[in-house]
Amino acid sequence: MTTTKHLLFTALALASTNAMADWSTTVTGASDYTFNGVSQTQDDPAIQGSLDYGFDSGVYAGSWASNVDFADDTNLEWDFYVGKFITLNESWSMDYGIAYYSYHGDTNSSDGNYPEVYSKFGFTNELGQTEFNFWYSWDYFGTGAGHTIAMIAHSVEVAEGHTLRASFDVSNSLDGDKYMWDAGDKSYYHYLLAYQTSVEGFNLELAAENTSLDYNTADERIVFSVSRTFSL
């Protein structure tokens with residue numbers, strides 16, 4: 001139900017291990033589509049959807065799409081991914097895989113296509129769920145730059161059906177001569193606090209987030225999203 005695609009893959013991995021149909025689809029409406037705290041829609045709303053298949057072994061594969069606005073004619077992001085979720089013991093789990101992000105709408109939109117590998121570790125105890133997540137691309141946004149993202153997050157159910165999730169992540173370009181953000185930063189941090197609940201089968205999230213970047217599409221914001229997953 002999140003508008004951040006990195007977190008979407010974790011949700012899909014968890015879903016693939018639950019008692020649900022092999023095929024599923026999720027439709028999301030959001031007040032903004034943020035990627036590590038940076039708006040991908042110029043602060044405008046987004047409509048997103050996924051189609052996914054989960055195996056009993058924990059392997060999953062799928063595709064996810066959203067409208068975007070990069071201040072050119074690029075208007076669609078379409079991603080593909082395959083991964084595997086593993087339960088290591090009663091407390092620890094692992095999710096790893098590879099994703100490919102593609103962009104469409106302008107003649108040069110595909111220049112920004114890039115692959116990314118990820119590994120995520122989950123720890124569950126009576127205090128909630130803690131995540132240690134890592135991503136790496138060797139061709140970030142088609143620039144040839146190496147890029148990493150490291151995140152720590154924690155979710156706790158404060159009441160039945162009501163969850164708070166806090167996260168902190170650092171994005172870092174390994175090749176500043178090939179890729180830097182608009183403000184000339186080689187790296188930046190992003191933090192988020194979200195309230196999550198479900199009503200009549202709809203997943204709701206209200207998130208406050210901000211980054212260390214100093215430009216309008218990466219400043220403090222409140223993002224609301226509603227989504228629903230259907231078994232096929």
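Which strands make up the closed barrel, and in what order do they run?

1. The structure is a predicted model. Its closed barrel has twelve strands, in the order E1-E4-E5-E6-E7-E8-E9-E10-E11-E12-E13-E14, and the pairing is antiparallel. From one strand to the next, the twist averages 20 degrees.

2. Strands E4 and E5 illustrate the pairing. E4 covers residues 46–54 and E5 covers residues 59–67; seven bridges link them in the antiparallel sense. Within this pair, Gly49 faces Ala65 of E5. The two strands form a hairpin with four residues between them. Gly58 lies in that turn and has a positive phi of about 100 degrees.

3. Strand E5 also pairs with strand E6, which spans residues 76–87. The two run antiparallel and are joined by nine bridges. Here Gly62 is placed opposite Tyr81 in E6.

4. Asp169 stands opposite His190, a residue of E12.

5. The surface carries a nonpolar patch formed by Val156, Val158, Leu164, Leu193, Tyr195, Leu206, Ile222 and Phe224. Together these residues have about 690 Å² of accessible area. Strands E10 (147–159), E12 and E14 (221–231) are the elements that each give two or more residues to the patch.

6. Thr130 may be considered next. This residue is found in strand E9, which comprises residues 128–137. Thr130 has a relative accessible area of 16% and is therefore buried, since the limit for that class is under 20%.

7. With which side chain does the side chain of Thr130 make a polar contact? The partner is the side chain of His154, at 2.8 Å.

8. In summary, the predicted model shows a closed barrel of twelve strands with antiparallel pairing.

Technical notes: Residues numbered from 1 in each chain as written. Predicted model: local features only at pLDDT ≥ 70, side-chain atom pairs only at ≥ 80, totals over all residues. Heavy atoms only, no water. Pairing = 2+ DSSP bridges. Axes fitted to C-alpha atoms, helices over the stretch in contact; angles between N-to-C directions. Patch = residues over 30% accessible without salt bridge, like charges linked within 9 Å, V, L, I, M, F, W, Y side chains within 5 Å. Areas by Shrake-Rupley, 256 points an atom, 1.4 Å probe, with all protein chains shown as cover. Salt bridge = Lys/Arg side-chain N within 4 Å of Asp/Glu carboxyl O. Buried < 20%, exposed > 50% of the residue type's maximum accessible area, 1.4 Å probe, protein only. Polar contact = N/O pair within 3.5 Å; in protein donor to acceptor, adjacent residues only side chain to side chain.
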